[in-house]
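Look over the sequence and the model before reading on.

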Amino acid sequence: MELEEALAMRRSIRRYRRDDVSRDTLERVFNLALMAPSGWGLQKSRFFIVQGEQRRRLQDLCVDALPEVRTVLEEALPDRPDEVDVLMEFYRTYGNAPVLVVVYAGLLPGGDFDDIGAALSVQNLFLAAHATGLGTVWTDVMRIREAEINAMLGVGTDQKITCITPLGYPDEQPSAAQRTPGRLTWIGF
């Protein structure tokens, strides 16, 4: 797949087939994700690729957080209650994706987390997943349960959750979202 096509055609997927994703496919996708630039070149982002029983445990933890999630979503989307309901259903199952990926930003020498490096790795992950027929979507609301997720995964305070993304074969083909105009400012042309 050409890069331009991948950039133009990638979509946020919220419904997945229950088909397993092979270890070989996952390794191919994550090897490309790890090729992303990082703060100071230190490569501090980490991926926890969770499936099977551990995925179910992580999902259960997320389901326990749903009352808090609803509050966050209602504050963020006060005029869109239908969208809140759709998102709540998605978070209940993470779209039935067979894999959940917890992405962490690591600490840089100055004491800040490399959020940008982690986000760049996630973008590589999304493009590599799309190129191999997989789907993903950025979700970060479950950071409200970061301490519990960290305890479950054995992660210390030198890492911070950037996002949790489901990963699997899409069971939907959403159209592109309308792009907001006026986001480019040209100077000196």
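Which residues line the largest pocket? In this predicted model, the lining is made up of Leu 7, Ala 8, Arg 10, Arg 11, Ser 12, Arg 14, Gln 123, Pro 174, Ser 175, Ala 176, Ala 177 and Arg 179.

**Pockets**

- The largest pocket holds about 290 Å³ of space.
- Its lining consists of five nonpolar, three polar and four charged residues.
- The second largest pocket has a volume of about 260 Å³.
- Residues lining the second largest pocket include Arg 14, Arg 15, Leu 77, Glu 83 and Phe 90.
- By class, the lining of the second largest pocket has four nonpolar, two polar and five charged residues.
- Arg 14 is named in the lining of the largest pocket and also in that of the second largest pocket.

**Surface and burial**

- Leu 184, Trp 186 and Phe 189 make a nonpolar surface patch of about 500 Å².
- Leu 184 sits in the segment after strand E4 (159-168).
- Leu 184 counts as exposed because its relative accessible area is 66%, and the cut-off for exposed is over 50%.
- Ala 6 belongs to helix H1 (residues 3-9).
- Ala 6 is buried, with a relative accessible area of 5%.
- Ala 6 and Ala 131 are 125 residues apart along the chain, yet their C-alpha atoms are separated by 6.5 Å.

**Salt bridges**

- Side chains of opposite charge can pair when their charged atoms come close.
- The whole structure contains 13 salt bridges.
- One of them joins Arg 145 to Glu 68, with the closest N and O atoms 2.3 Å apart.
- Arg 145 is in the loop between strand E3 (135-136) and helix H7 (146-153), while Glu 68 is in helix H4 (residues 66-76), so this pair ties together parts that are 77 residues apart in sequence.
- Arg 145 is buried at 14% relative accessible area, whereas Glu 68 is partly exposed at 33%.
- Arg 70 and Glu 74 form a salt bridge with an N to O distance of 3.5 Å.
- Arg 70 and Glu 74 are separated by about one helical turn because they are four residues apart in helix H4.
- Arg 70 is partly exposed, with 28% relative accessibility, and Glu 74 is partly exposed, with a relative accessible area of 40%.
- Arg 70 also forms a salt bridge with Asp 85, where the closest N and O atoms are 3.3 Å apart.
- Asp 85 lies in helix H5 (residues 81-93) and Arg 70 in helix H4, so the bridge ties together parts that are 15 residues apart in sequence.
- Asp 85 is partly exposed, at 38% relative accessibility.
- A network of salt bridges links Glu 53, Arg 56 and Asp 60.

How values were computed. Residues numbered from 1 in each chain as written. Predicted model: local features only at pLDDT ≥ 70, side-chain atom pairs only at ≥ 80, totals over all residues. Heavy atoms only, no water. 1 Å grid on protein atoms, 1.4 Å probe; cavity = no way out; pocket = protein on both sides within 12 Å on 5 of 7 lines; lining within 4 Å. Points joined across faces, edges and corners; volume = space filled by probe spheres on them. Nonpolar A, V, L, I, M, F, W, Y, C, P; charged D, E, K, R; others polar. Patch = residues over 30% accessible without salt bridge, like charges linked within 9 Å, V, L, I, M, F, W, Y side chains within 5 Å. Areas by Shrake-Rupley, 256 points an atom, 1.4 Å probe, with all protein chains shown as cover. Salt bridge = Lys/Arg side-chain N within 4 Å of Asp/Glu carboxyl O. Helix = DSSP H or I, 4+ residues; strand = E, 2+ residues; numbered from the N terminus. Buried < 20%, exposed > 50% of the residue type's maximum accessible area, 1.4 Å probe, protein only.
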